[in-house]
Amino acid sequence: MSTPAPRSHRRPRVPASRAAAPREPVDQAKIGRRSVRRRARGMTHLEAAAALEDAELQQHMDRDREDLAGDERGPAEVAEWTRIVQMLATTGGAYDPDTDAVVQDELAADAEREREKQLEDDKRRQEEGAEAARRAALAPDVLRHALLRTLARTGLLDSLSEDEQAAVHRLPESDPAAALAVNALLARAHEAGAGLHPGTAS
C-alpha cells in the first residue's frame, strides 16, 4: 500500500496590491520545482505517482481562482511531478535530487549565472571607483593645490601678478580639465627646461 499523497503545500498567492515589489522578478516556476524535489526526496515510483495525482487535483481545484490567475508555480509543480514519476518508472528505487541529472544541470547553470553576475558587479564597482577617483582628481581644491605646487617647483609662484594669481585660483572652478592640462604642461616645461626626463623629480 502506497503512502498517502501529501496535500499541496503551495501558499496562496498574495494579491499584488498587498505584496511588496521584489527587487528582482521572482521565478515562481523554479520555486515550485524546488518544492517538489524537496518533498519527493526518498519517494518511490508509486508514492510519486500519488503525489502527482494530488498536484493535478489541486491544480484543477485552483483553475477558477482569480488570485491564482497567471500562476506559474502550480503548472510547474505538476510538470515536475510528472517528470519525476517518469524517471522513477525507468530507474526504480527512491528519488534523490542529488543524483538527478536535470537538477544537477540546473544547479550548475545557476552557479554559472551567479558567477557571471558577481563578475559584472565587480566590474561595475571598479568602474564606479575609477570614476570617483577621476572626479576627486578634478576637484577644484585638489587642482588648485596641484597648480600651486607645480608653480612653486618651477619658481614661478612668487613672481605671479595679482591677475595671474586670481586666474590660478579661478581656473580649477571654471574649467577643471583645462586646469589639469595646464598643470601637466607646466610640469613638462619645467622638466624640459631643467634637462630632466618626464617624470623625473627635480
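Predicted model: local features only at pLDDT ≥ 70, side-chain atom pairs only at ≥ 80, totals over all residues.

Trainee: How many salt bridges does the structure hold?
Mentor: Side chains of opposite charge can pair when their charged atoms come close. Counting such pairs as salt bridges, the structure holds 19.

Trainee: Which residue forms a salt bridge with E80?
Mentor: E80 lies in helix α3 (residues 73-91), and its partner is in helix α1, so the pair ties together parts that are 43 residues apart in sequence. The closest N and O atoms are 2.8 Å apart.

Trainee: How many residues apart are E106 and R33?
Mentor: These two form a salt bridge, with the closest N and O atoms 3.7 Å apart. E106 sits in helix α4 (residues 101-137) and R33 in helix α1, so the pair links distant parts of the chain: they are 73 residues apart.

Trainee: Is E106 buried or exposed?
Mentor: Buried means under 20% relative accessible area. The value for E106 is 16%, which makes this residue buried.

Trainee: Which residues are in contact with S35, leaving aside its neighbours within four places in sequence?
Mentor: S35 lies in helix α1 (residues 28-40). With 5% relative accessibility, S35 counts as buried. Beyond those neighbours, its contacts are R73 and E77.

Trainee: How far apart are the end C-alpha atoms of helix α5?
Mentor: Helix α5 (residues 140-154) has 15 residues, and at 1.5 Å a residue they should span 21 Å. The distance in the model agrees with this: 21 Å.

Trainee: Within what arc do the buried residues of α5 fall?
Mentor: The buried residues are L143, R144, A146, L147, T150, L151 and T154. Seen down the axis of α5, they line one face of the helix, because they fall within an arc of 160°.

Trainee: What separates D141 and R144 in helix α5?
Mentor: Their side chains meet in a salt bridge (2.9 Å, N to O). D141 is partly exposed at 49%, whereas R144 is buried at 13%. Being 3 residues apart in the helix, they are separated by about one helical turn.

Key: Residues numbered from 1 in each chain as written. Heavy atoms only, no water. Helix = DSSP H or I, 4+ residues; strand = E, 2+ residues; numbered from the N terminus. Buried < 20%, exposed > 50% of the residue type's maximum accessible area, 1.4 Å probe, protein only. Contact = heavy atoms within 4.5 Å. Expected span 1.5 Å × (residues − 1). Arc of directions from axis to C-beta. Salt bridge = Lys/Arg side-chain N within 4 Å of Asp/Glu carboxyl O.
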